[in-house]
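This report describes selected features of one protein chain. Please examine the sequence and the model before reading on.

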Amino acid sequence: RDELQMLLALVLSICSGLMAPLPAFLFGQLVQQLSQPSTIPSKPTAYQVRSWFARVLRAFDIGDADLFLRWSTEAAAFAPFFVAGALLALATGYAVVGMWTRISDVQLHRLRVAYLRAMLRKDVAWIDGNGPAALSAQLSYDCSMMRAGMCEKVGFMIHYTCVFCICICLATRASKYLMLSLLVISPLLAFAGYHLTKVMGELGRRMQAAYAAAGAVVEQALRCVRAVAAYGGEPAECARYAALLADVERLGVRHGVSMGFGLGITALATFATYALAFYVGSHLLAADRSYAHKHYGELGCSHPAASCVRGSDVCVGLLCMLMGSFALGTAWPNGQAIAFARGYALKVFDVIGSASRIDPVADVGAMLPKVRGALSLRGVHFAYPSRRDALVLRGLTLEVDAGRTVALVGPSGA
């Protein structure tokens, strides 16, 4: 059942990634539809110039009563595609978060149960060597770190990876030369997405932990307010609280500087991508139209054999490269979280998979047909494996009859 759910979540996550660039493709087609005619000779005549400029002005003439009617008529064909894309994005987006979270919670519950059973089957030497008080806390911490690398992180990793791949494919289909030109700025865009996702998230968690530490000091002081007032500890508690708030302030300053830096890099990369796309796209448009006019005459790019770059291709290439670059930067922190979760999972599975030398629930070994219950110890020496130099029992000889209860108490009362 879990395998089928994971397979379904995987397919829906891939579909969600494929749906993300769909608006960019539809927007490019809409731009092409609204900007007809798109074929202009490289050296048009005066009449053609006047005719083309007249059509352009007519397309944006806000004084025309039929302007929005013409726009809506040309764009009405794209409305069902956008509505269908929105509904599919809603359905597949749920799988990216909801299904993977449910699958991860079920698996983590089974993992906790298996870990607890493995701990109960360990011998006393293993418990003593690993610290019995820290085992439960370690289990909780390891499972929380594993959950941080599971749940929606898996869905986001698949989603953004598919977004990057399909965006590169669509940009290549629109214009491979434009795509190769925009790849120069893609690392900067990916870094901006990584910075806003990873660095800002890490600083936010550290600020939350610092606030929690400062709040714990206040809570402790208020809980014992009588003792604090009786011993005159108000200045000391205020100093402790102020010291912790200084850490919060320092992290807040770093958070603000990092936020400004990330937004600045994002704006720089975005506007640089726009500038480069328009510059390269305009040169490609002019070169293709000049080539088509030279080889195919007046038909130009309208000739069936001509393959000219259109304005919609520039829009699709620009939007897809922007979206794909940011998706690549966003997918990287999710991949890191998954890698960290695998590291913590190794420790948990080592405990589950390691066999105990003394298994209390195993069915193997000699089975006595009759047990009376009497216990006899003669000259027993014992020390815990973690402290072999400190003997607990030194030549203990003890006779315990059946039915009696005996307690062995050390100097510390344990």
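Which residues in helix 8 are buried? The sections below begin with the basis of the model and then answer this question.

## Basis of the model

The model is predicted, and local features require a pLDDT of at least 70, side-chain atom pairs count only at pLDDT 80 or more, while totals for chains, interfaces and linings use all residues. Residues are numbered from 1 along each chain as its sequence is written, and side-chain values use heavy atoms, with hydrogens and water left out.

## Helix 8

Helices are DSSP runs of H or I with at least four residues, numbered from the N terminus. Helix 8 covers residues 152-174, a total of 23 residues. From first to last C-alpha, helix 8 reaches 32 Å, close to the expected 33 Å; the expected span is 1.5 Å times one less than the number of residues.

The buried residues of helix 8 are G155, I158, H159, C162, V163, C167, L170, A171 and A174. Buried means under 20% relative accessible area, exposed means over 50%, and partly exposed lies in between (1.4 Å probe, protein chains only).

## The cavity

Rolling a probe the size of a water molecule over the atoms shows where empty space is left. A cavity is a set of points on a 1 Å grid over the protein atoms alone where a 1.4 Å probe fits but cannot get out; lining residues have an atom within 4 Å of a point. A volume is the space filled by probe spheres set on the points, which are joined across faces, edges and corners.

The whole structure holds 1 cavity of 30 Å³ or more, and the largest cavity contains about 50 Å³ of space. Its lining includes L170, R173 and A174. Helix 2 (22-34), helix 8 and helix 13 (311-353) each supply at least two lining residues.

## Salt bridges

Side chains of opposite charge can pair when their charged atoms come close. A salt bridge is a side-chain nitrogen of Lys or Arg within 4 Å of a carboxyl oxygen of Asp or Glu; by this rule there are 5. One of them joins D105 and R147, whose closest N and O atoms are 3.0 Å apart. This pair links distant parts of the chain, with D105 in helix 5 (residues 79-120) and R147 in helix 7 (residues 132-148), 42 residues apart.

E237 also forms a salt bridge with R240, at 3.2 Å between the closest N and O atoms. These two residues are 3 residues apart in helix 12 (residues 234-296), so about one helical turn separates E237 and R240.

Definitions and conventions:
1 Å grid on protein atoms, 1.4 Å probe; cavity = no way out; pocket = protein on both sides within 12 Å on 5 of 7 lines; lining within 4 Å.
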